[in-house]
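Subject: Structure handover

Hi,

Here is the structure I promised you.

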Amino acid sequence: MKKTLLQIAKYYHPVEGGIETVTKYMAEGLSNFENAVICFSHDGITRVDDVNGIKVYRIAPSMKVSSQDIAFTYYHYLKKVIYELQPDIIILHCPNPFLYPITAKLTPRDTKLVLLWHSDILGKGLLYRLINYYEKKILKRADLILATSPSYIHPSSPIYGFRDKIKVLPNGIIRKDFLWRPGDEKTVEEIRNKYQYKKIIFFVGRHATYKGINYLIEAEKYIKSDCIILIGGRGPETEKLKASTTSKRIKFIGRIPNEYLRCYYYASDIFAFTSCTKQEAFGIALAEAMFCGNVPVTFTIEGSGVNWVSLKGETGEEVPLGDVKAYAAAIDKLLSDKDLYMKYASAGKDRIARMFTCELSATEADKLLHQLINEE
């Protein structure tokens, strides 16, 4: 008889995002378990869905505090779901501080609690000091903590003090979404033609402070190559970023539908991954771009897995954090040295295929979870 696995996440498909991607491929890929997910509803309606055979309990939030959803009914619903499913393992996707005290209290003693630690909570000031007590409590209660890279097991992270129960579970891309398909050649050609076949520097992601898009905009002033910079995505910083530049080389192209994202990766030359804090713990978009042969330029971020996904001098260029002149120089270097570019592109694609796919991640997760169950 299969063991039951309940994942507690912020949101679930069709909501897009790095954590949502991981939650989905874990639920669908861990086929040796009976899987279910509980999360916040993205449309304000409490309901139960069936998503590709996965039961998804969606709880309508009552309010939002500092980007954290809060639902006054969550305790009641989670208690009900745990009673109904009797899960053998609960995986809590972190950070999700509102759920730390609730999960710690409701997880039965004979249920294994696993924390999948996507990133630390950064820059929250007084609010984090209020959360810190419950964060430590959930870390103590956890039977297993999964870090997305060995780099994140760092003295600056709250998980460091619990490293005796940490295992590394790398994130993975959903590879089939980024394989070349019939018709892609035409779409890629249309993108390149739209920008007069200039070299394309591409960014895609949420427009938030930790993504460092401001550094890319500043670096543009020092890029000597004839190129265009495409900034995909949107977020709370979008309008501020638009107002910060008048350069005709910078184009804000908005949200890119999933079915076209791979074509932008293939059409582009450089992937501008400008994340600048360890809130960027891994970089799913970074791995996607590399798999498509797009060569990245990154910043050095102490304690982040970014510089483990892309290796300096092997799969891309890496420059000191915040050094926009060095960032621009790295872009010029790659655009002027075809042999180096092709070397990085080939090595990057190979690295992602060997280490960072959803199939590999789900297989490793299955092994770690069964080891946890069999420890007794």
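Predicted model: local features only at pLDDT ≥ 70, side-chain atom pairs only at ≥ 80, totals over all residues.

Let's start at a proline: Pro 95 sits in the loop that runs between strand S7 (89–94) and helix H3 (99–106). Helices (H or I, at least four residues) and strands (E, at least two) are DSSP runs, numbered from the N terminus.

Residues are numbered from 1 along each chain as its sequence is written, and side-chain values use heavy atoms, with hydrogens and water left out.

Next, two glutamines with a positive phi. Gln 86, in the loop between H2 and S7, has phi near 50 degrees. Gln 86 is exposed, at 52% relative accessible area (buried means under 20%, exposed over 50%, partly exposed in between, using a 1.4 Å probe and protein chains only). Gln 196 has phi near 55 degrees and lies in the loop between helix H5 (184–194) and strand S11 (199–204); at 56% relative accessibility, Gln 196 is exposed too.

Gln 86 turns up again at the second largest pocket, where Gln 86, Pro 87, Asp 88, Asp 110 and Thr 111 lie nearest the centre among 15 lining residues. A pocket here is an open set of points on a 1 Å grid over the protein atoms alone, where a 1.4 Å probe fits, with protein on both sides within 12 Å along at least five of seven lines; lining residues have an atom within 4 Å of a point. The space in this pocket is about 270 Å³, the volume being that filled by probe spheres set on the points, which are joined across faces, edges and corners. Helix H2 (residues 74–85) gives the largest share of the lining, three residues. By type, the lining has seven nonpolar, two polar and six charged residues (nonpolar: Ala, Val, Leu, Ile, Met, Phe, Trp, Tyr, Cys and Pro; charged: Asp, Glu, Lys and Arg; polar: the others, Gly among them).

Back in helix H5, Lys 186 is exposed at 59% relative accessibility. The C-alpha atoms of Lys 186 and Cys 263 are 9.5 Å apart, although 77 residues separate them along the chain.

How many residues of helix H9 (residues 284–291) are buried? Eight of the eight, so H9 is largely enclosed by the rest of the structure. Among them are Glu 288, Met 290 and Phe 291.

Last, the hairpin: S3 and S4 have two residues between them, and Asn 52 in the turn has a positive phi of about 55 degrees. Strand S3 (residues 47–51) and strand S4 (residues 54–59) pair in the antiparallel sense over five bridges (two strands pair if DSSP finds at least two bridges between them). Asp 50 has Lys 55 in S4 as its bridge partner.

Cheers
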